[in-house]
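Work through the exercises below with the sequence and structure in view. Try each task before you read its solution.

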Amino acid sequence: MTKRHLISTLALGGATALALSGCASGAEAETLDNGDRQDLTIAVFNGWDEGIAASELWKAVLEEQGYDVELEYADAAPVFQGLSDGDYDVTLDTWLPITHADYVDQYGDDIVDLGAWNEDAKLTIAVNEDAPVDSLADLAANADAFDDRLVGIEPGSGLNRVTTDSVIPTYGLDGMDYLTSSTPAMLAELTAATDAGENIAVTLWRPHWAYDAFALKDLEDPEGTLGDAEGIHSFGSSSLEETHPTLAGWLKDFRMDSELLYSLENAMFNENDADDYGPIVEQWIADNQEYVDSLTS
């Protein structure tokens with residue numbers, strides 16, 4: 001999984017400039033029979049598996065409908081900037097009302113909220129199931145059991161902001177080394193610690209396939225620093241409802257419960273080791289055809 005995400009990030013990141021310059025070439029866009037522009041660019045947050053899964057699903061669904069879909073990977077800040085500038089058409093992984101609130105406040109006049117497709121999103125600090133603590137309130141006093149380390153994800157993520165600004169100062173975790181790099185790096189650390197039978201504390205979120213792959217527990221958050229469950233929203237550019245009115249309607253109606261999402265994530269990131277998600281998603285669609293057909297009905 002780490003290899004796949006790194007390859008996808010580097011390859012797609014390198015192609016972004018070419019893709020965006022192509023958009024500005026002046027070529028007249030093709031239009032589908034349903035009134036939508038044929039080409040579509042979906043922005044995907046680096047390392048956020050639920051967004052990758054949803055984006056790959058919609059890519060497959062829309063290509064079957066005749067769309068020409070590109071997925072562009074980036075961190076949260078450039079995604080929202082690109083969405084507001086019209087360089088991207090859609091992103092499917094905006095967490096509200098907490099995690100990505102700053103970005104929505106900053107760019108809200110130039111982007112469109114298409115609604116929440118999952119209401120069970122939750123930021124967490126997770127530890128191995130047999131770790132000697134159950135609450136964030138006890139983590140500082142037991143930091144040595146975790147080698148004085150808390151392993152995070154991308155520095156530009158909303159989860160990093162909440163951890164840095166709220167979790168760490170509230171629970172006195174300043175004495176722990178807070179390591180930020182990437183989601184694949186965090187998962188590699190989690191895998192290594194699990195294989196070695198060592199304690200580990202990581203920043204994580206639900207829904208995520210790691211909860212099925214590893215024996216984990218969420219530390220209690222008595223001060224509520226990580227917030228309540230959030231909704232995962234689709235956001236479009238300010239012009240999406242004009243350029244893709246049919247798609248905008250489909251995304252407003254899009255719903256995916258956590259069990260369905262877990263099954264797709266597990267198929268893509270846990271049960272298979274392929275770099276190409278296409279055949280995996282195609283098989284998942286065949287196994288869930290009635291649900292998939294409902295997305296564009």
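## Exercise 1: A residue at the surface

E119 is exposed, because its relative accessible area is 53% and exposed means over 50%. The model used here is predicted.

**Task.** Find the element that holds E119 and the charged patch on the surface that includes E119.

**Solution.** 
1. Locate the element. E119 lies in strand β4, residues 111-128.

## Exercise 2: Helix α10

**Task.** Decide whether helix α10 is largely enclosed or open, and say why.

**Solution.** 
1. Take the range. Helix α10 covers residues 258-270.
2. Count the buried residues. Ten of the 13 are buried, so the rest of the structure largely encloses the helix.
3. Name some. Among them are L260, L261, Y262 and F269.
4. Check the start of α10. There, a side-chain oxygen of D257 comes to within 3.2 Å of the backbone nitrogen of E259.

## Exercise 3: A charge inside

**Task.** Is D221 buried or exposed, and which side chain of opposite charge is nearest?

**Solution.** 
1. D221 sits in the loop between β8 (216-218) and β9 (230-237).
2. Judge its cover. D221 is buried.
3. The nearest side chain of opposite charge is K122, 5.2 Å away. A salt bridge needs atoms within 4 Å, and D221 has none.

Note on methods. Residues are numbered from 1 along each chain as its sequence is written. This is a predicted model: local features need pLDDT of at least 70, side-chain atom pairs count only at pLDDT 80 or more; totals for chains, interfaces and linings use all residues. Side-chain values use heavy atoms; hydrogens and water are left out. Patches are made of residues with over 30% relative accessible area and no salt bridge: like charges are joined within 9 Å, nonpolar side chains (Val, Leu, Ile, Met, Phe, Trp, Tyr) within 5 Å. Accessible areas come from the Shrake-Rupley method with a 1.4 Å probe; for residues, only the protein chains shown count as cover. Lys and Arg count as positive and Asp and Glu as negative; His and the chain ends are not counted. The place of a charge is taken as NZ of Lys, CZ of Arg, CG of Asp or CD of Glu. Helices (H or I, at least four residues) and strands (E, at least two) are DSSP runs, numbered from the N terminus. Buried means under 20% relative accessible area, exposed over 50%, partly exposed in between (1.4 Å probe, protein chains only). A polar contact is a pair of N or O atoms within 3.5 Å; within protein, one must be able to donate a hydrogen and the other to accept it, and residues adjacent in sequence count only if both atoms are side-chain atoms.
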